[in-house]
Amino acid sequence: MPNADALAGAVVRMTGVDVVRGGNHLLSGVDWVVEEDHRWVVLGPNGAGKTTLLQLAAAQLHPTRGEVRLLGETLGAVDVFELRPRIGLTSASLAQRIAPSEKTGDIVVSAGYAVVGRWRERYDVHDLTRAGLLMAQWGVAQYAHRPFGTLSEGERKRTQIARALMPDPELLLLDEPGAGLDLGGREDLVARLSDLARYHYAPAQVLVTHHVEEIPPGYTHALLLREGEVVASGAADDVLTAGHLSDTFGLPLELSRTDGRFTARRAR
Ligand SMILES: Nc1ncnc2c1ncn2[C@@H]1O[C@H](COP(=O)(O)OP(=O)(O)OP(=O)(O)O)[C@@H](O)[C@H]1O
């Protein structure tokens, strides 16, 4: 029978969460609810705790204190190996684990089998069709037979997202997908992520970034982190202000918004 969180549509529910490592508070007192139609951006300076927060949401890490509920299950009381296939994650550290010689198409189609790039004797037609569609959607279909290591940074990022979407996850976590992209690559990615954000049947999404320029139009919520603490959290329109961003990054900032896109610079 579905439990209360599943019925209420809460995909992530964190209550009073601390993560402490070696005496350092990586996260302190985090309360956060992501519902299935939410698209969150998590912003903060280097070392703020963004990746730590995403690792909790990916069931890769347990809190030191507090409660983390994912897809209606409580971390610590659920087999994380059952939970993880329901959560899509992309990050630089995951990308580093992909062998450069693996074929791009194999990397995407093998996601449903929780292996990277291993070519099984047979994938069913449904898997191959879905992988082909996702690769077309993310602009990498033409590289299906190319080794991953020969792709540009932008093509690799888009391949990773197609792979993360392959098992039809209920939650998609994107850790700095715009890092290392040139202007064209960033703009292409932001446009595709904006389309995904607006697609009604897409999973709940959480995107970590350092830069307001990378926030895709259509993202509904924002969480600002500084030194492991939440500076502001809630509807994007309320949270993404010059004042909150100045507090988060520790310098006076001006923020402007045009057609749903943000730019920030130091206040004069
Ligand atoms: N195992 C650990 N033991 C002690 N400190 C740690 C550990 N792992 C991470 N940290 C520290 O916790 C802080 C938060 O790290 P985290 O990677 O979550 O930040 P971040 O906001 O993602 O940073 P960045 O933007 O630079 O990627 C950093 O200061 C980091 O050095």
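**A short tour of the model**

Start with aspartate 168, which sits in the loop between α7 (153-165) and β7 (171-175). This is a predicted model, so take the tour as a look at computed geometry. Aspartate 168 has a positive phi, near 55 degrees, and is not a glycine. Most residues other than glycine have a negative phi. Is aspartate 168 buried or exposed? It counts as exposed, because it has 12 C-beta neighbours inside 10 Å and the cut-off for exposed is 12 or fewer.

Next, select alanine 59. You will find alanine 59 in the loop between α2 (50-57) and β4 (65-70). Its phi is positive too, at about 60 degrees, although alanine 59 is not a glycine.

Colour the strands in the order β6-β7-β8-β3-β9-β10 and you have an open sheet of 6 strands with mixed pairing. Its edge strands are β6 (87-90) and β10 (229-235), each pairing on one side only. From one strand to the next, the twist averages 15 degrees.

Zoom in on β9 (residues 221-226) and β10: the two run antiparallel and are joined by 6 bridges. Select arginine 226 there, and look opposite to find glutamate 229 in β10.

Finish with helix α10 (residues 242-249). Which strands does helix α10 lie across? They are β3 (39-43), β9 and β10, and the helix runs at about 155 degrees to β10.

Note on methods:
Residues are numbered from 1 along each chain as its sequence is written. This is a predicted model: local features need pLDDT of at least 70, side-chain atom pairs count only at pLDDT 80 or more; totals for chains, interfaces and linings use all residues. Helices (H or I, at least four residues) and strands (E, at least two) are DSSP runs, numbered from the N terminus. A residue is buried if 20 or more other C-beta atoms lie within 10 Å of its own, exposed if 12 or fewer, and partly exposed in between; C-beta atoms are placed from the backbone. Two strands pair if DSSP finds at least two bridges between them. Axes are lines fitted to C-alpha atoms, for helices over the stretch in contact, and angles run from 0 to 180 degrees between N-to-C directions. Two residues are in contact if their C-beta atoms, placed from the backbone, lie within 7 Å.
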